[in-house]
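Have the sequence and the 3D view open as you read along.

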Amino acid sequence: MQRIAEIQRALKQEGLDGWLFFDHHKRDPLAYRVLDFDVKNAPTRRWYYLVPAEGEPRKLVHKIEAGMLDALPGSKHSYAGWAQQADALRTLLAGCRRVAMQYSPRCAVPYVAMVDAGTVELIRSLGVEVATSADLVQFFEARWNAAKLESHLEAGRRVDEILRAAFAKVGSEHQAGRHPSEIEIQHFIRTAFTDNGLFADHGPIVGVNAHAADPHFDPAPDISRPIQPGDWLLIDLWAKLTAPGAVYYDITWTGYCGPEVPSQHQRIFDIVTGARDLAIQCVQQAISQNRTLHGFEVDDAARGHIAAAGYGDFFFHRTGHSIGEEVHGTGANMDNLETHDERRVIPWTCFSIEPGIYLDTFGVRSEVNMFIGEDGARVTGAVQTRPVLIGA
């Protein structure tokens with residue numbers, strides 16, 4: 001009942017009458033995680049679970065799968081036919097005018113948009129307004145505890161060292177007269193992850209020159225290029241400890257294979273890192289002033305700087321994403337491009353700050369992670385201030 005009490009407190013703070021959970025064929029993993037329960041077999045019939053702001057939770061299950069929600073507290077009702085289901089839902093929602101569901105208006109937050117449009121229409125047809133559960137999901141899903149924070153910091157220490165080793169590997173290969181390929185360095189990093197107790201679901205990105213201008217480049221064997229003296233190199237790597245509940249650390253650095261960075265590369269690097277630093281400052285000032293901060297505001301800080309420098313059209317992804325047990329988490333994103341993310345940035349969450357400029361011949365991205373504590377906001381790892389001079 002502790003989780004139910006926590007949900008009810010959050011509902012009152014959000015001014016909602018309840019949170020209506022719904023699933024069919026386990027399409028909504030958020031429902032199971034937030035409610036902290038699981039089922040042996042995926043439901044083949046629809047179930048509904050209402051946590052009201054006050055009072056006892058209510059269940060609605062199909063008679064074929066009457067025990068589906070028995071692990072959860074609350075009164076239970078069942079249905080069989082579609083007409084009976086609608087009547088039972090009306091009873092379930094009695095007294096509710098506005099409930100949260102895993103719904104996002106215009107799919108602005110796709111990580112939360114788990115409930116199908118037809119089910120939303122069904123609930124609305126009963127005279128109940130459906131609100132997004134995005135802020136509630138963030139509160140119950142995206143917040144870390146002390147153990148998660150420590151796992152992130154430890155992963156960061158290991159990943160930072162592996163990144164340094166990867167750049168050094170390219171330099172030593174050049175000194176030996178060899179030109180390692182992008183995929184070779186990717187394999188080098190993945191092997192180092194395994195050797196250091198780290199896991200990554202895919203990647204890392206290792207891109208040279210024009211490949212560095214592809215934000216999601218993957219050096220497959222048929223397109224992998226050699227990394228040669230005079231090349232620009234971008235490495236984006238993310239990993240977490242191989243332990244239950246561990247969370248990711250995710251960074252991007254760039255370097256030049258030679259003793260002096262070309263002026264155009266340096267200029268773009270300076271613009272990108274300037275945008276990154278303004279986004280960091282935006283977060284830290286808001287948190288220190290105890291001011292409500294929304295994800296879109298952080299994106300505006302970075303994007304405005306890049307646009308003012310004349311490169312707005314070359315920055316075509318959000319400034320940052322939530323970080324959790326999945327590298328792209330369910331908390332607020334720093335985004336006013338792909339979506340207008342109005343979710344609040346709240347304590348005990350973490351996200352990336354990673355502006356970029358992507359030209360025809362090369363790209364620059366500079367990525368750090370920010371953690372919001374109770375008393376302030378901080379970058380959790382090393383911050384790149386100049387391009388790495390590889391082999392110099």
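This is a predicted model: local features need pLDDT of at least 70, side-chain atom pairs count only at pLDDT 80 or more; totals for chains, interfaces and linings use all residues.

Phe37 has a relative accessible area of 9%, under the 20% cut-off, so Phe37 is buried. Trp47 is buried too, at 1% relative accessibility.

A second pair, Trp232 with Phe362, links distant parts of the chain, 130 residues apart. Trp232 lies in strand S9 (residues 232-241), and Phe362 in the loop between strand S12 (356-358) and strand S13 (363-365). Both Trp232 and Phe362 are buried. Here are the two geometries side by side:

| Pair | Centre to centre | Angle between planes | Type |
|---|---|---|---|
| Phe37 and Trp47 | 6.2 Å | 70° | edge-to-face |
| Trp232 and Phe362 | 6.0 Å | 70° | edge-to-face |

The structure holds twelve aromatic pairs in total. Ring pairs also join Trp19, Phe21, Phe139 and Phe140 into a cluster.

Now for the helices. How do H8 and H9 cross? The axes of helix H8 (residues 263-288) and helix H9 (residues 295-308) come within 8 Å and cross at roughly 150°, so the two are roughly antiparallel to each other. Their crossing is right-handed. On the H8 side the contact residues include Ile271, Gly274 and Leu278, and on the H9 side they include Glu297, Val298 and His305. By class, this contact has ten nonpolar, two polar and one charged residues.

Terms used
Residues are numbered from 1 along each chain as its sequence is written. Side-chain values use heavy atoms; hydrogens and water are left out. Axes are lines fitted to C-alpha atoms, for helices over the stretch in contact, and angles run from 0 to 180 degrees between N-to-C directions. Helices (H or I, at least four residues) and strands (E, at least two) are DSSP runs, numbered from the N terminus. Angles under 35 degrees count as roughly parallel, over 145 as roughly antiparallel, 65 to 115 as roughly perpendicular and the rest as oblique. A crossing is left-handed if the near helix is turned anticlockwise from the far one by less than a right angle, and right-handed if clockwise. Contact means heavy atoms within 4.5 Å. Ala, Val, Leu, Ile, Met, Phe, Trp, Tyr, Cys and Pro count as nonpolar, Asp, Glu, Lys and Arg as charged, and the others, Gly among them, as polar. Rings of Phe, Tyr and Trp (its six-membered ring) pair if their centres lie within 6.5 Å; planes under 30 degrees apart count as stacked, over 60 as edge-to-face and the rest as tilted. Buried means under 20% relative accessible area, exposed over 50%, partly exposed in between (1.4 Å probe, protein chains only).
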